[in-house]
There are 4 protein chains.
Amino acid sequence: MDEFNLDKPREECGVLGVWSPEPVDVAGLLHLGLFALQHRGQEAAGIVVSDGKEVRLEKDLGLVSQVFTPERLAKLQLEGARLGIGHVRYSTTGSNLRFNAQPLTVRSSKGILAIAHNGNFVNALEIRQRLLSEGAVFQTTGDTEVMINLIARYSQLSLVEATARAMRELKGGFSITLMNRQTLLAFRDANGVRPLVIGRLENGGYVFASEPVVFPLIGAQFVRDVRPGELVWVSTETGELESRQVLEPAPTPCAFEWIYFARSDATLDGIDVHAARIRLGEELAREAPVEADVVVPVPDSGIGAAIGYSRASGIPFDYGLYKNPYAGRTFIQPTQEARALKVKLKLAATSAVRGKRVVLVDDSIVRGTTSGRIVRMLKEAGAREVHVRISSPPIRYPCYYGIDTAARKQLIAATHSVEEIRAYIGADSLAFLSEPGVKRAIGGPVCLACFNGLYPAGQPDGELEKLALEDT
Amino acid sequence: MDEFNLDKPREECGVLGVWSPEPVDVAGLLHLGLFALQHRGQEAAGIVVSDGKEVRLEKDLGLVSQVFTPERLAKLQLEGARLGIGHVRYSTTGSNLRFNAQPLTVRSSKGILAIAHNGNFVNALEIRQRLLSEGAVFQTTGDTEVMINLIARYSQLSLVEATARAMRELKGGFSITLMNRQTLLAFRDANGVRPLVIGRLENGGYVFASEPVVFPLIGAQFVRDVRPGELVWVSTETGELESRQVLEPAPTPCAFEWIYFARSDATLDGIDVHAARIRLGEELAREAPVEADVVVPVPDSGIGAAIGYSRASGIPFDYGLYKNPYAGRTFIQPTQEARALKVKLKLAATSAVRGKRVVLVDDSIVRGTTSGRIVRMLKEAGAREVHVRISSPPIRYPCYYGIDTAARKQLIAATHSVEEIRAYIGADSLAFLSEPGVKRAIGGPVCLACFNGLYPAGQPDGELEKLALEDT
Amino acid sequence: MDEFNLDKPREECGVLGVWSPEPVDVAGLLHLGLFALQHRGQEAAGIVVSDGKEVRLEKDLGLVSQVFTPERLAKLQLEGARLGIGHVRYSTTGSNLRFNAQPLTVRSSKGILAIAHNGNFVNALEIRQRLLSEGAVFQTTGDTEVMINLIARYSQLSLVEATARAMRELKGGFSITLMNRQTLLAFRDANGVRPLVIGRLENGGYVFASEPVVFPLIGAQFVRDVRPGELVWVSTETGELESRQVLEPAPTPCAFEWIYFARSDATLDGIDVHAARIRLGEELAREAPVEADVVVPVPDSGIGAAIGYSRASGIPFDYGLYKNPYAGRTFIQPTQEARALKVKLKLAATSAVRGKRVVLVDDSIVRGTTSGRIVRMLKEAGAREVHVRISSPPIRYPCYYGIDTAARKQLIAATHSVEEIRAYIGADSLAFLSEPGVKRAIGGPVCLACFNGLYPAGQPDGELEKLALEDT
Amino acid sequence: MDEFNLDKPREECGVLGVWSPEPVDVAGLLHLGLFALQHRGQEAAGIVVSDGKEVRLEKDLGLVSQVFTPERLAKLQLEGARLGIGHVRYSTTGSNLRFNAQPLTVRSSKGILAIAHNGNFVNALEIRQRLLSEGAVFQTTGDTEVMINLIARYSQLSLVEATARAMRELKGGFSITLMNRQTLLAFRDANGVRPLVIGRLENGGYVFASEPVVFPLIGAQFVRDVRPGELVWVSTETGELESRQVLEPAPTPCAFEWIYFARSDATLDGIDVHAARIRLGEELAREAPVEADVVVPVPDSGIGAAIGYSRASGIPFDYGLYKNPYAGRTFIQPTQEARALKVKLKLAATSAVRGKRVVLVDDSIVRGTTSGRIVRMLKEAGAREVHVRISSPPIRYPCYYGIDTAARKQLIAATHSVEEIRAYIGADSLAFLSEPGVKRAIGGPVCLACFNGLYPAGQPDGELEKLALEDT
């Protein structure tokens with residue numbers, strides 16, 4: 001994880017799948033595609049490819065560019081490769097992280113299966129306990145292994161049938177891509193919490209991906225979003241896209257995809273991300289106006305909303321914070337002072353704020369520490385006033401659908417009022433966008449669970465969770 | 001694999017387990033112990049430790065000294081560690097070797113299980129097919145995962161009972177160490193093909209190991225060999241060694257342990273290895289005498305037998321071949337000429353052979369190419385005659401109990417007569433020790449399957465093997 | 001070098017020096033400072049520290065964060081450290097790059113000397129030939145070794161005197177920091193082509209640096225710029241800053257520092273960089289107006305000028321290009337198609353340009369290939385028109401003062417008219433800022449040699465250069 | 001340095017040079033050759049090659065097999081390569097070891113020079129001071145840079161003349177190989193302290209090397225030893241070997257080459273090493289006989305002498321100590337106990353010593369700690385008596401000619417009587433071979449300075465040494 005983003009919610013994963021009617025450089029396409037999804041997970045990356053007979057896997061901890069060395073890409077070169085899946089991951093802690101990297105491949109009664117997975121199930125532990133009591137063993141503590149075991153249990157069914165059956169048993173917010181030696185499948189949960197889109201290659205093949213941003217890189221055209229609750233696959237007979245509505249759709253995609261996670265050049269469920277961010281800023285300007293001289297984004301997450309705020313308010317937009325592109329994994333002695341330094345290593349105030357009343361626009365506040373340091377930095381650089389405007393509501397609840405918002409007690413908004421947060425970060429004023437404001441700006445039904453605690457796709461059973469932790 | 005040992009049979013693994021009545025540096029003890037077992041496997045190494053609650057695993061490809069960096073050893077430091085197992089491995093090829101490293105750890109109905117394994121089952125595929133059809137999934141193609149799944153299936157039994165039951169179903173030649181968070185177990189197959197010994201720590205704890213050479217390094221005393229077919233474990237209540245004779249013992253330990261694999265300072269099943277090698281050389285001198293001036297060992301594998309040959313024949317022993325201790329993994333362009341070079345990089349003739357009739361003593365011949373190059377090297381250095389004497393019979397059959405003797409078609413003795421081999425390697429004479437000679441020298445019942453094709457612990461079902469390969 | 005910046009001029013180096021009246025963590029201060037100068041050189045980094053007796057050096061190829069691992073920083077920890085220098089470098093090609101990393105340390109008649117150097121001499125070869133004929137030897141082909149040898153030749157003079165004497169003999173554009181075990185010195189060439197500033201630590205110590213951006217990170221205050229032709233040092237007796245005007249100042253600092261190189265939060269020779277970039281954009285809007293709907297910067301280099309262009313023209317600013325922060329060193333097969341891909345890996349058009357007439361603002365064009373690809377990307381994303389505006393004149397001449405602008409034949413503007421470049425990059429219109437426009441925007445005398453071929457600090461003697469190359 | 005060899009004198013270097021009349025794979029030949037010289041230095045390795053125009057250098061810390069990766073060897077592939085030199089090094093401590101690796105290359109008035117060097121000058125500091133006062137600078141503290149500067153100072157002379165002149169000024173024990181773009185030279189000091197031999201390639205080219213053991217590997221034939229004080233080179237006109245007797249020969253080659261350093265398959269100055277070691281053992285048996293049951297070598301250094309002792313005494317030779325071939329760089333917590341462990345990691349007693357009176361034969365004792373641990377190990381394994389026999393006299397004086405025998409105060413024999421050493425190591429008896437015994441066994445004039453303090457090639461001036469250290 002980029003240690004400079006400690007104060008941002010973290011997406012857990014990006015998934016990808018490619019199927020071609022004729023042999024192509026599947027590994028090359030997946031490699032490029034994962035690169036475009038890198039923002040969804042920086043801890044691990046992996047690719048599986050198959051030519052219908054052989055299956056090859058390479059995965060490891062690290063960025064796509066670190067994992068896929070020329071040597072490793074060469075190992076994935078299968079002459080007749082026709083399908084494959086890929087994954088980028090923000091992994092949780094643990095002693096053997098490397099073994100948690102995805103795709104996960106297993107040998108089952110259905111031959112080799114490979115799966116890549118974004119999101120979480122809320123009933124994973126319950127299903128896991130059931131499988132354990134039936135004699136299953138697990139090598140990781142992750143949801144993915146539970147899912148693949150569940151599919152494999154239906155040894156009498158076809159892969160499509162077994163997957164459909166398993167998907168009906170799993171609750172939560174998640175997207176997956178799945179393959180055996182011949183067939184590529186993808187599934188999106190009934191609420192469509194996590195995104196999943198379909199693209200078409202020039203040669204008639206198909207691509208499934210977390211975001212459409214992969215398509216321009218690999219010469220694919222956007223076809224449509226996978227529907228909530230829909231299982232899609234490419235027929236090995238006809239080469240055509242097949243679909244089954246496994247679960248009744250109840251669309252509430254995650255609002256944070258538009259607020260922060262998704263790339264600004266993406267369009268998800270028909271809603272353009274960059275345009276949505278500008279509208280979030282415009283709503284924010286209307287809801288929380290302020291007399292000021294300049295609108296300054298926290299780069300890069302606040303740029304869209306800052307442009308929107310500037311447009312709706314008429315206050316000039318300027319670049320008040322330089323962002324050091326090399327701020328990465330520099331070793332700093334881990335002291336309190338050091339954490340303050342990290343913000344200074346990443347950001348520096350420009351002359352744009354000197355003597356000005358500044359509107360500082362960002363997308364969210366998790367712990368509040370970074371925001372406080374930026375406010376101080378602007379004041380030290382001569383800003384007369386700093387008014388912080390956040391283009392989303394206060395985050396008060398954990399996400400159970402694949403986003404690491406930090407434990408509840410670390411969420412400053414879970415335990416502090418807006419005024420207390422303002423005082424803590426030293427701003428002259430602070431405002432968050434309202435839930436209705438978010439809905440208006442995005443313009444469709446969205447999951448706002450981390451703001452309001454209403455979980456459209458269910459919550460985990462706390463008792464079970466405790467039991468499981470004792471055993472791990 | 002040491003590329004200079006292409007012409008030697010390869011042991012597949014070494015196993016180790018430590019249990020202490022009080023917290024000790026379990027990882028440190030295992031680390032030292034694995035170091036002493038390094039000759040049994042150079043491809044991968046791993047250690048699992050537990051304090052009764054937490055379980056930590058570190059494993060990777062490489063030598064013990066490469067895998068266990070200070071950082072990795074630090075990660076294995078558990079304040080209250082009381083038990084652990086370790087493994088060194090010569091791994092087979094495959095695209096994800098790293099995932100095949102051992103110990104293998106899984107979460108099962110019995111909590112976390114960790115296993116380290118030396119040897120092979122002959123009915124692994126049959127059991128694997130059964131488990132697959134019951135919905136199990138496998139992440140590797142190895143025997144070890146089959147074994148652990150089999151144990152986990154007996155979810156209603158205790159760990160000791162479930163292990164005993166599973167061991168009764170598995171056929172072949174193998175030794176294992178196994179643990180959960182509290183209990184350490186070890187098992188040796190009914191034929192005792194692979195070695196396994198018991199040692200006692202100064203603090204009353206126990207050590208299970210492939211060879212007793214581990215004990216002096218970690219301050220343990222040799223107690224006894226594990227009996228063929230015996231399951232041993234340390235009682236978590238009394239801290240005492242418990243035992244159950246799971247299968248009727250039918251002892252036929254692998255002769256090659258004394259001929260080549262085991263360390264010369266080991267004693268296995270009551271028979272000292274160095275002394276056995278000298279006796280092998282003495283038998284060889286009696287069976288295949290020759291008029292000569294000097295007895296020269298191929299270092300280091302032929303030293304013991306050469307001393308024995310010299311003693312029994314009265315011909316002086318001398319160091320006719322210098323062995324370069326740095327001959328390891330030097331990069332050489334992989335040409336035919338290069339393979340010849342590798343022998344020259346490793347060995348060089350000294351003045352001891354100049355003008356002499358030389359008896360060249362080695363433990364075995366697999367492909368014959370290296371032997372031929374050494375004979376030529378001695379002649380180029382001025383040896384008048386070179387008489388090759390091998391302290392074991394010709395290897396004509398594959399080993400199904402954990403030793404990689406190369407495919408049958410690569411075994412020169414499987415397809416050539418002794419006279420043809422002599423001509424191929426350019427020796428003035430060539431003799432192998434007879435099977436009775438081996439038995440006399442070792443002095444107990446032994447498995448000679450690779451020499452005579454008689455497999456005391458059974459053979460794999462060829463049909464199943466073919467089916468399985470199609471699915472991998 | 002960031003392979004995605006092939007089409008930008010490259011700064012060759014950043015220099016740094018720290019002197020403290022009492023022991024401090026000099027290595028830590030230099031480490032942080034180099035981090036802030038990382039944009040000036042990404043190929044190599046180095047630090048030298050001294051406590052007055054011992055001298056320690058660590059340098060290597062790589063980013064500051066790669067070179068200075070915890071282990072390496074630990075090696076630089078000298079209990080009583082009081083001074084040190086640091087360097088970041090964009091190195092030229094050669095077979096032993098690592099040996100060219102700086103600081104360069106030598107043992108001389110004046111004890112150990114260490115030097116860090118930014119820029120180039122135009123008479124380096126002439127001096128080098130002279131020293132060679134006197135029996136000197138050189139381990140590198142770089143200017144730095146020439147300089148240190150020249151200083152060492154004055155073995156009868158003090159370090160300050162010898163440095164002053166050597167600086168008088170060297171012609172060109174460069175800045176240096178220099179130290180022996182006790183004394184820290186810095187020098188800036190008579191034209192002040194390369195920047196150099198003085199800061200003061202809280203404890204009364206001094207810092208010399210290429211840009212003032214290092215000061216906030218290490219708790220220093222900006223004092224002043226080093227004057228062109230000025231030698232400064234810290235007196236070891238009084239701890240005070242000493243100065244000698246070695247050469248008559250003829251200030252013509254490099255215009256490109258404000259146009260592109262320097263960080264936007266820097267102020268050089270009294271002129272704020274961010275403000276200058278906005279003025280460059282404003283001048284550009286006045287000189288080359290166009291009817292359009294949106295002003296889009298090429299991130300990040302065109303941001304300041306784009307804001308200026310938007311302000312002066314009244315056309316809205318928007319974020320039309322997403323920049324992938326992970327676009328770095330991904331391995332792509334080096335084909336023609338691949339080079340096109342690299343731009344797509346780094347940049348992607350957002351919805352901001354769809355259906356719009358776009359003003360695309362960038363700071364410079366070197367080869368023109370990247371600009372062409374961005375224009376095409378915008379058009380493919382739906383831009384109706386793309387008008388390219390460049391906030392500097394066409395680059396037509398090489399820089400001899402430390403900037404790698406690519407060979408002359410690769411400079412598209414050296415061989416093509418503006419109209420030809422426009423056609424090549426496929427823009428609807430193209431305009432460069434004029435030289436007078438640059439001067440007005442920056443507001444002081446500047447070196448414009450790469451635009452007009454007038455070299456204020458002299459040119460190398462071509463004949464000598466040819467001779468030297470034959471010998472290397 | 002192999003941490004298990006702390007108790008052995010350490011050779012500092014091996015040198016190599018190749019010249020071919022036609023283009024060949026010079027880097028490949030040097031790579032193989034260095035591999036054969038690896039025993040002379042394990043800390044660093046380097047190769048320089050030239051095709052007459054271009055010069056390429058690769059060097060780094062590490063074993064030959066670690067430094068010369070396929071990538072690095074590829075960088076040394078020069079189409080028309082015809083000459084090159086190579087080096088292996090045991091380097092001294094220091095903060096920038098890497099920069100001390102050899103060959104050293106410089107650009108001088110004579111073009112590029114490269115040098116590889118084994119041994120030391122006793123007047124290096126005096127010459128260094130002279131050069132410093134003339135304005136020279138040094139990047140290392142090593143002798144090699146002094147030598148190359150000295151040669152370069154004679155800028156008016158040809159390379160052969162300048163080298164001859166410089167060699168006359170240098171005193172000490174050393175061998176060098178030296179080249180510019182066309183010419184390969186080699187020199188051996190007037191006493192011939194360090195070895196240097198000449199070989200001939202099949203294509204008529206020449207090889208200069210520290211030991212003839214490189215020849216079989218690269219298809220060369222031994223021609224002769226370089227004479228003490230002789231400068232040899234290959235004429236670029238005729239391709240023939242040229243020679244000049246620069247200094248009067250006064251041959252006293254280092255006795256330790258035969259006792260321990262040189263490979264047992266080498267012949268130096270006409271005396272075979274393996275045969276000499278057997279004679280050393282035979283002399284030892286005659287000088288220091290003992291009643292015993294078995295003669296056991298400390299592997300591998302004591303093998304030759306043990307065979308000799310066994311032959312002369314009639315007591316049987318046996319392998320009483322197993323040597324773990326993987327004992328290398330394992331990480332052990334650096335405690336006192338740990339140092340004891342290291343011996344156990346490397347060596348283990350076999351059954352050959354049980355119940356026996358053992359003669360333990362080794363080549364030398366430096367600190368005595370390892371010997372003590374081996375004696376204890378044998379006794380613990382059941383040896384009834386242990387009689388230590390050393391095939392050289394006690395080491396009492398430092399070597400100034402390129403061998404690191406440890407500081408004088410660490411030499412146990414410098415401060416303890418033989419009886420005190422015997423008590424310290426716990427042996428039942430201890431005897432060293434006498435100086436006359438060494439001379440008889442080797443059979444020629446030898447340098448015995450480390451035994452008797454008589455330095456045939458001079459001693460360093462202590463005053464100068466002190467001065468120099470103050471400045472470093």
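In this predicted model, B:Ala352 touches B:Val294, B:Asp318, B:Tyr319 and B:Gly320 and also reaches D:His274 of another chain, leaving aside residues up to four places away in sequence. B:Ala352 sits in the loop that runs between strand E19 (347-349) and strand E20 (357-362) of chain B. With a relative accessibility of 3%, B:Ala352 counts as buried, because the cut-off for that class is under 20% relative accessible area. Along the chain, B:Gly382 is 30 residues away from B:Ala352, and the C-alpha atoms of the two are separated by 9.5 Å.

| Interface | Residues in contact | Buried area | Share on carbon and sulfur atoms | Salt bridges | Residue pairs in polar contact |
|---|---|---|---|---|---|
| Chain A and chain B | 37 of chain A, 37 of chain B | about 3,000 Å² | 45% | 0 salt bridges | 9 residue pairs |
| Chain A and chain C | 45 of chain A, 45 of chain C | about 3,900 Å² | 64% | 4 salt bridges | 10 residue pairs |

For chain A and chain B, the 9 residue pairs in polar contact both have pLDDT 80 or more. On the side of chain A that touches chain B, at least two residues each come from strand E4 (55-61), helix H4 (97-100), strand E6 (104-108), strand E7 (111-121), helix H5 (124-133) and helix H6 (143-153) of chain A. Sorted by class, that side of chain A holds 11 nonpolar, 14 polar and 12 charged residues.

For chain A and chain C, the rule counts 4 salt bridges, and in one salt bridge between these chains the side chain of C:Asp318 meets that of A:Arg311, with 2.9 Å from N to O. The 10 residue pairs in polar contact across the interface of chain A and chain C likewise have both residues at pLDDT 80 or more. Two or more residues of the side of chain A that touches chain C are given by each of several elements of chain A, including helix H1 (26-36), helix H3 (70-75), helix H10 (273-287), helix H11 (303-313) and helix H12 (336-346). Of these elements, H1(A) gives the most, with 4 residues. By class, the side of chain A that touches chain C consists of 25 nonpolar, 12 polar and 8 charged residues.

Other pairs of chains do not meet. Chain B and chain C have no contact, and their closest C-alpha atoms are 12 Å apart; chain A and chain D also have no contact, with their closest C-alpha atoms 13 Å apart.

Note on methods. Residues are numbered from 1 along each chain as its sequence is written. Chains are lettered from A and ligands numbered from 1 in the order in which they are written. This is a predicted model: local features need pLDDT of at least 70, side-chain atom pairs count only at pLDDT 80 or more; totals for chains, interfaces and linings use all residues. Side-chain values use heavy atoms; hydrogens and water are left out. Contact means heavy atoms within 4.5 Å. Buried area is the accessible area (1.4 Å probe) that two parts lose on being put together, summed over both. A polar contact is a pair of N or O atoms within 3.5 Å; within protein, one must be able to donate a hydrogen and the other to accept it, and residues adjacent in sequence count only if both atoms are side-chain atoms. Ala, Val, Leu, Ile, Met, Phe, Trp, Tyr, Cys and Pro count as nonpolar, Asp, Glu, Lys and Arg as charged, and the others, Gly among them, as polar. Buried means under 20% relative accessible area, exposed over 50%, partly exposed in between (1.4 Å probe, protein chains only).
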